[in-house]
Amino acid sequence: MEPKTVPSRILTDHTMRVQAPTLAAENRPWCLVVVAGPMVGSRFELADAVTIGREAGTEIHLPEPSVSRRHCHVFRKRGGFWVNDLGATNPVRINGMQVKSSPLLEGDVLIVGDLMLKLLGPNSAENAMVAALHDQASKDVLTGIANRRHFRAEMERAFTQHSDLALIALDVDHFKSINDRFGHPAGDKVLTAVGATLRRHCPPPALPGRIGGEEFAVLLAANHAEACALAEQLRAAIEALQLEDEGREIRVTASFGVASRRPVDADADAIYARADAALYEAKRSGRNRVLGEA
Ligand SMILES: Nc1nc2c(ncn2[C@@H]2O[C@H](COP(=O)(O)OP(=O)(O)OP(=O)(O)O)[C@@H](O)[C@H]2O)c(=O)[nH]1
């Protein structure tokens, strides 16, 4: 019998470029993806208007020497995107051609200093692939929240953009004895429940992350009092978790340290170090408590 073949259909646009088949579920934000040069693989979702530059506070922040402080402006115009060069030392180019002010079309490559950024539309297969790879690279496998690498990168990025910045560091209490009494899989169940609690109480733009083992952290644009209030809410929610293993109740508590940005801080690590010191003090003084930085 003849094997049944399904006729395939290749879709092309007016320039005869092959279009990815559109799936109903896809409708991602437009994004610029670094396809060559420093920061390759970085993905930036596009708002209606963004400035690209080396200067802290630009929406697409590219801290590279070949990029001007304020390099170019990308904005929506007549249903598409448009680019204006802001007088960059290395002039903006699109697909190799120098431009002052020009439309930017899906699939175009925008050259900013030594970086090549490709514009990907909401339904492109490349956009879906890059988003999936980004997800895999940035999430902790067990809990689904940010992994250490992504959390630290976001911490540095947030430091360039927010003056009101706070960090909550937390660590599950006596976690080793949970593993010893109930076994490693039950320990994993506890970590998963803590991750879910953080996700539930810290919606975006707050960012919860798993730093490693039983250590977690939350990054938020808030003042010290707001961050301490959130930490207290998290402490109570973790203490209220109802977990069991083969009919045996697993009691879980965590200790918290909170720190917020000071004018003297040179980087986000300085804030993290103070949150960690406060967490250490919370452990030392009895656990299951929130302590602000000294
Ligand atoms: N189940 C499980 N255990 C882990 C994982 N990662 C690290 N651990 C365990 O976490 C435990 C951490 O123990 P400690 O650092 O001594 O801390 P603790 O027992 O929580 O004590 P305190 O922090 O002082 O309250 C170790 O036994 C690690 O083996 C993981 O992914 N899953």
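Is Ser260 buried or exposed, and at what relative accessibility? At 11% relative accessibility, Ser260 counts as buried, a term that denotes under 20% relative accessible area, with exposed set at over 50% and partly exposed in between (1.4 Å probe, protein chains only). The structure is a predicted model, in which local features need pLDDT of at least 70 and side-chain atom pairs count only at pLDDT 80 or more, whereas totals for chains, interfaces and linings use all residues. Residues are numbered from 1 along each chain as its sequence is written, and side-chain values use heavy atoms, with hydrogens and water left out.

Ser260 belongs to strand 19, which spans residues 254–260; helices (H or I, at least four residues) and strands (E, at least two) are DSSP runs numbered from the N terminus. Beyond its neighbours within four places in sequence, Ser260 is in contact (heavy atoms within 4.5 Å) with residues including Leu165, His224, Arg274 and Glu293.

A nonpolar core is a set of buried Ala, Val, Leu, Ile, Met, Phe, Trp, Tyr and Cys residues joined through side-chain atoms within 4.5 Å. This core has 32 residues, and Ile168, Leu170, Val218 and Leu220 have the most contacts inside it. Helix 4 supplies the largest share, six residues. With residues up to four places away in sequence not counted, Ile168 touches, among others, Phe216, Leu230, Phe256 and Val258. Another core, of 22 residues, lies apart and includes Leu32, Phe81, Leu110 and Leu115.
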